[in-house]
Amino acid sequence: MELSFWGADRQVTGSCHQIEVNGKKCLIDCGMQQGGDEIGEGALPFDAKKIDYVIVTHAHIDHSGRLPLLVKNGFAGKIFATGATCNLMGIMLRDSAKIQEFEAEWKKRKGKRAGDGKNEPLYGMEDAEKTLTLFVPCKYGEIVQIDGGIKAEFRDAGHLLGSASVRITATEAGQTKTIVFSGDIGNKHQPIIRNPQYFHAPADYVLTESTYGDRLHKEILFDKGELAGLFDAVFKKGGNVVIPSFAVGRTQELLYSIREIKEEKLVQSIPDFPVYVDSPLALEATGIYDKDLTGYADEETLAVLRQGFRPLAFPNLNLSRTTEESIALNRDSAPKVIISASGMCEAGRIRHHLKHNLWRPECAVVFVGYQANGTLGRMLLDGIPQVKLFGETIAVKCSIHNFAGLSAHADKDGLLEWIGAFAKKPKKVFVVHGEEETCLAYTGQLKELGYDALAPNYEMAFDLLKDDVISEGVSAEKLVDRREPMRMASPAYRRLEQTGDSLVSLIRSKKGMANRELSRLADQLAALMEDWEK
């Protein structure tokens, strides 16, 4: 009986772990790597044909995004998830396939101009459609027989509609072990969804996320009055509020809060301010949130739905479906709120909106979710002065805000409350799904509280019957060599590269300047380079 670590180990994205029981291999999640977490251009580190089953904790792409790749590479088993997760994955995996095909075609055209037109998508729409036929919808609380030696129970994790922590009961050679996978633990008191539901029965082993394991949300608690105040300030200056938002989950929670802001008349400058949701995926997901949510939503949302009221609808909510409608938003000078994907600004229509608004001092960009290392969103939060979008250098002159209190992830106290709900301490706790520093910090916190905690390396293998490490895996230092060079670069290095691009633009803009001034600038740059070469 073995446990293997294939992703989101001392990293945040690409969640993928495996339990092998009686020779049967079951993955828990098969997520897409993003930003600086990308290894081997997204390739799977194992033979997909040898995987028998998959359990998915929730629909977010960093937990489900490589399922079509798994199928493309030969997997043909069942995929178990809650009903709501199956519904959301239906739209998310199709959307991901479109992105893969579009980006591959774009790179192919670009490559042809450079004499190399070879570029295949990670997977395509056919792979995504085939993946959907393998789904087995499950209910919270029911015991699901995965295989002769594996049973699973889903418990509401309070992170996203349908999200779950999963308790695995595994039996091999007359021995039974219980392993709990936290999935992503939600923040309490979020709109629409319920608070996290805990497991209380003892578990032998626990894999827990640690995204915010080194900080507390109460320092940055979300206040819709504060968000309304920001809207007011920006609208008075004639600017736009641009919100990069994850299409599934965060966008719907934002709409819920903005509805309340409008109902309570918290914005004075333009009470009926326009809100544009510019993400086809978000529009499809919102349709799912408007349906019967019994068994998933909190009581407040269910009460609203029973009254026939749509909790995500309000006056002057506009849905941009076509490319033309999206482009028109940046031709309209009227102040507005634009909500667009992707949440980390790595792809999608949000990059166009950033191009048209970042350079405007009267505008604001508001982040409402986690920004992984190496992503454009993270660089903007870190204060990068200029970015490059669609081949053009864009100055960052707008204000940048982080409403982390809107996070769908539990903070350190929330994570400790979740792990503390078990009737007794597990034999061992594996800390995953966190940047390395955060992961190690939370591991240290657990050790101080008396837990036997470990932050596993990527590709570590552990014997659950012998309670022993089989393989230590790949250390963070060695892992660097296996990452795509641009993706592995730190945010600081990527910021340096962006600044270098800006410097080239500055030099070109000085053409025609007096020779004396050009010489002075050249001497200053030469001295700076000489200083850093020492």
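**Architecture of the predicted chain**

Among contacts in the protein chain between residues at least 6 apart in sequence, 74% join residues at least 24 apart, a contact being a pair of residues with heavy atoms within 4.5 Å. Residues are numbered from 1 along each chain as its sequence is written, and side-chain values use heavy atoms, with hydrogens and water left out.

The protein chain contains 17 helices and 23 strands, where helices (H or I, at least four residues) and strands (E, at least two) are DSSP runs numbered from the N terminus. Of the 534 residues in the protein chain, 54% are buried, a term that stands for under 20% relative accessible area, with exposed meaning over 50% and partly exposed the range in between (1.4 Å probe, protein chains only).

In soluble globular proteins, nonpolar side chains tend to be buried together. The largest nonpolar core in the model comprises 76 residues, and those with the most contacts inside it are Leu70 and Phe231; such a core is a set of buried Ala, Val, Leu, Ile, Met, Phe, Trp, Tyr and Cys residues joined through side-chain atoms within 4.5 Å. Helix H3 (residues 83-113) supplies the largest share of this core, namely eight residues. A second, separate core of 29 residues includes Val21, Ile146, Ala170 and Ile179. When residues up to four places away in sequence are not counted, Phe231 touches Val241, Ile243, Ile258, Ile261, Val267, Phe273 and Val337.

Phe231 also takes part in a helix pair, in which Lys224, Leu227, Ala228 and Phe231 of H5 meet Ile258, Glu260 and Ile261 of H6. By class, this contact of H5 with H6 has five nonpolar, no polar and two charged residues, with Ala, Val, Leu, Ile, Met, Phe, Trp, Tyr, Cys and Pro counted as nonpolar, Asp, Glu, Lys and Arg as charged, and the others, Gly among them, as polar. The axes of helix H5 (residues 224-236) and helix H6 (residues 250-263) come within 10 Å and cross at roughly 75 degrees, the axes being lines fitted to C-alpha atoms, for helices over the stretch in contact, and the angles running from 0 to 180 degrees between N-to-C directions. H5 and H6 are therefore roughly perpendicular to each other, given that angles under 35 degrees count as roughly parallel, over 145 as roughly antiparallel, 65 to 115 as roughly perpendicular and the rest as oblique.

Six strands form an open sheet in the order S14-S13-S15-S12-S16-S19, with parallel pairing; two strands are taken to pair if DSSP finds at least two bridges between them. The edge strands of this sheet, each pairing on one side only, are S14 and strand S19 (399-402), and neighbouring strands are turned by 20 degrees against each other on average, direction ignored. Strand S13 (residues 275-278) and strand S15 (residues 337-340) run parallel and are joined by four bridges, with Ile338 in S15 as the bridge partner of Tyr276. H6 packs on the sheet, where it touches strand S12 (241-244), S13, S14 and S15, and its direction makes about 155 degrees with that of S15. Helix H10 (residues 350-357) lies across S12, S13, S15 and strand S16 (364-367), running at about 150 degrees to S12.

Ser320 is located in the loop between strand S14 (317-319) and helix H9 (323-329). Ser320 is buried, with a relative accessible area of 3%, and, neighbours within four places in sequence aside, is in contact with residues including Tyr276, Val277, Asp278, Glu325 and Arg349.

A further open sheet consists of eight strands in the order S6-S5-S4-S3-S2-S1-S22-S23, and its pairing is mixed. Strand S6 (135-138) and strand S23 (468-471) are the edge strands, each of which pairs on one side only. Within this sheet, three bridges join strand S4 (residues 53-55) to strand S5 (residues 78-82), which run parallel, and Ile55 stands opposite Phe80 in S5.

Strand S9 (residues 164-172) is mostly covered, as seven of its nine residues are buried. Arg167 stands opposite Val180 in S10, and the hairpin formed by S9 and S10 has two residues between the strands, with Ala173 in the turn having a positive phi of about 50 degrees.

How values were computed
Predicted model: local features only at pLDDT ≥ 70, side-chain atom pairs only at ≥ 80, totals over all residues.
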